Amino acid sequence: MDRTVTAHSPWAQLRGLIKLLRPKQWVKNGFVLAPLMFSGEFLDPVAIGQALWAMLLFCVASSATYVINDMHDIERDRRHPKKSQSRPLAAGVVSVSAALFLLAGLYAVLLGAWFVVPKVLGVIAAYLALNLAYTFVLKHQPVVDIFTIAIGFVLRVYAGAVALSVPVSSWMFITTLCLALYLAAVKRRQELSQSGSEGRKVLEKYSVALVDRYAEMSATGALLFYSMFVMSAKPALVITVPLVLFGLFRYWFVVEALDGGESPTDALLADWQLLLTVVLWVLTCGWALWPVQG
């Protein structure tokens with residue numbers, strides 16, 4: 001049964017609906033802009049508009065998946081010590097009917113965009129289908145759950161490339177996959193170390209030592225493939241390799257010493273050194289790839 005929301009003011013319910021969208025998680029959709037950067041088209045206003053449009057649509061799509069996930073997990077979340085307070089549906093701030101109305105609105109936006117950028121929406125449709133499978137089946141399958149999360153990041157990069165009609169290097173795809181596997185493995189590690197198997201049933205199949213090995217292997221792969229991509233396709237970006245290495249080191253420090261990492265977005269936004277590293281990497285990439293006139 002749906003918890004009553006009559007005790008909450010309209011403003012509280014509105015805040016709950018916004019929280020249900022998880023706008024902080026939109027930071028992940030920055031991966032959509034990677035092809036804009038690496039194609040060197042970041043000075044073209046038309047290309048910028050196309051990339052930002054694709055990122056905006058991915059924000060809508062990712063919020064839709066969060067709404068479905070929270071609706072599906074509402075009873076489990078109500079039994080969780082943290083999620084019962086932080087998730088609007090589980091806390092009773094937002095009703096299921098309001099969540100359904102919000103979800104319908106998000107899907108309506110995506111359906112309308114289909115007639116404007118059908119190729120990008122094709123990628124987003126694959127992302128939505130993948131996340132539906134994740135919510136109902138795949139998140140209960142060990143190893144598959146981690147790869148499903150990672151493939152979502154690869155689809156973001158692909159959507160950015162489709163929006164610009166530019167090819168994407170195979171190196172970029174495999175680097176994105178490894179980096180996303182690293183983040184997903186660390187997320188599982190922190191969930192396991194902080195809450196045990198209470199938060200997710202699939203965590204019963206993991207151990208901290210196992211996901212540590214997954215994370216280490218993925219981080220090594222991300223660094224290796226990024227370096228190979230830089231040296232083979234974008235030699236000017238070799239100066240960014242130390243920043244990538246520092247970022248991996250710092251993120252692991254945040255996880256191990258500061259007990260962060262259960263949410264990669266929160267870890268990024270809460271640690272100024274990690275955030276500064278990302279900003280410096282973006283600026284350095286822009287400087288290195290700046291088109292030479294004449």
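Start by selecting Trp171: at 28% relative accessibility, this residue counts as partly exposed, a label for anything between buried (under 20% relative accessible area) and exposed (over 50%), using a 1.4 Å probe and protein chains only. A quick note before you go on: this is a predicted model, where local features need pLDDT of at least 70, side-chain atom pairs count only at pLDDT 80 or more, and totals for chains, interfaces and linings use all residues. Residues are numbered from 1 along each chain as its sequence is written, and side-chain values use heavy atoms, with hydrogens and water left out.

A search of the whole structure finds 10 aromatic pairs; rings of Phe, Tyr and Trp (its six-membered ring) pair if their centres lie within 6.5 Å, and planes under 30 degrees apart count as stacked, over 60 as edge-to-face and the rest as tilted. Trp171 and Phe225 have ring centres 6.2 Å apart and planes at 35 degrees, so they make a tilted pair. Trp171 belongs to helix α10 (residues 170-195) and Phe225 to helix α11 (residues 208-233), so this pair links parts of the chain 54 residues apart; helices here are DSSP runs (H or I, at least four residues), numbered from the N terminus.

Stay in helix α11 and pick Tyr226 and Phe229, 3 residues apart, about one turn of the helix. Both are buried. Their ring centres are 6.5 Å apart with planes at 55 degrees, so this pair is tilted.

Terms used: Helices (H or I, at least four residues) and strands (E, at least two) are DSSP runs, numbered from the N terminus.
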